[in-house]
Amino acid sequence: MNPSRDEQPDSQARSDYEAVGGGPAIAAVVDLFYQLVLDDDRLRGYFDGVEMVRLKRHQVALISQVMGGPVAYAGRDLRAAHEGMAISREDFGAVADHLVTALTEAGVEPAIIDRVVTVIAGTEPDIVEAHPAA
Ligand code: HEM
């Protein structure tokens, strides 16, 4: 018998947040994610002088919220946070790929990765502002 499970009504499905192991698991994903981003020559420069502890804290909150966890992202609006950086579609794709790699390495199941990536892909219009000349 699992007492904590008894407290949950059957109608309440387990969130993706719980399924992956909650806050500690997501913190590990985010650590690996920024390791990959900072190791990437195309991306490293954007993060010069950025306070990574705070950034990781906000990223953990955002991903926790996306996964249906009991956490509300309280960082800046994503458009405001990335404004003026001239982030290209290629940069965005590279960062998104690193997030998929980090989630995969952590053993997160593909269906959950798909759901997270779908939400993250939807933020592209807020983050990308460098458009190649037509
Ligand atoms: C893939 C989708 C992305 C998501 C979900 C995302 C999410 C975030 C979040 C939650 C923050 C923290 C905002 C705050 O502290 O208030 C942040 C900051 C930042 N992001 Fe992103 N980001 C994404 C893509 C990118 C890309 C493509 C780049 C650059 C190539 C980038 C560069 C940065 C930098 C440099 C900061 C720090 C800004 C600062 O503290 O002044 N992000 N991002």
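User: Where does the ligand sit?

Analyst: The ligand sits in the largest pocket. On a 1 Å grid over the protein atoms alone, a pocket is an open set of points where a 1.4 Å probe fits, with protein on both sides within 12 Å along at least five of seven lines. A molecule sits in one if more than half of its atoms lie within 2 Å of its grid points. Before we go on: this is a predicted model, where local features need pLDDT of at least 70 and side-chain atom pairs count only at pLDDT 80 or more, while totals for chains, interfaces and linings use all residues. Residues are numbered from 1 along each chain as its sequence is written, and side-chain values use heavy atoms, with hydrogens and water left out.

User: Thanks! How many residues surround the ligand?

Analyst: There are 23, and the closest are Tyr 46, Arg 54, His 58, Arg 76 and His 82.

User: What lies 2.8 Å from a nitrogen atom of the ligand?

Analyst: That's an N or O atom in the side chain of His 82. Arg 76 uses a backbone N or O atom, 2.7 Å from a ligand oxygen atom, and a polar side-chain atom of Arg 54 lies 3.2 Å from an oxygen atom of the ligand.

User: New topic: how many helices and strands are there?

Analyst: The protein has eight helices and zero strands. Buried residues (under 20% relative accessible area, 1.4 Å probe, protein chains only) make up 32% of its 134 residues.

User: Which residues of helix 6 are buried?

Analyst: Asp 91, Phe 92, Ala 94, His 98, Leu 99, Ala 102 and Leu 103. They pack against helix 3 (22–38), helix 4 (52–66), helix 7 (110–121) and helix 8 (124–127). Just after helix 6, Gly 107 takes a positive phi of about 85°.

User: And Asp 16, is that buried or exposed?

Analyst: Asp 16 counts as buried because its relative accessibility is 14%. Asp 16 is in helix 2 (residues 16–20). Leaving aside neighbours within four places in sequence, Asp 16 is in contact (heavy atoms within 4.5 Å) with Met 67, Ile 112 and Arg 115.

Notes: Buried < 20%, exposed > 50% of the residue type's maximum accessible area, 1.4 Å probe, protein only. Helix = DSSP H or I, 4+ residues; strand = E, 2+ residues; numbered from the N terminus. Near = heavy atom within 4 Å. Polar contact = N/O pair within 3.5 Å; in protein donor to acceptor, adjacent residues only side chain to side chain. 1 Å grid on protein atoms, 1.4 Å probe; cavity = no way out; pocket = protein on both sides within 12 Å on 5 of 7 lines; lining within 4 Å.
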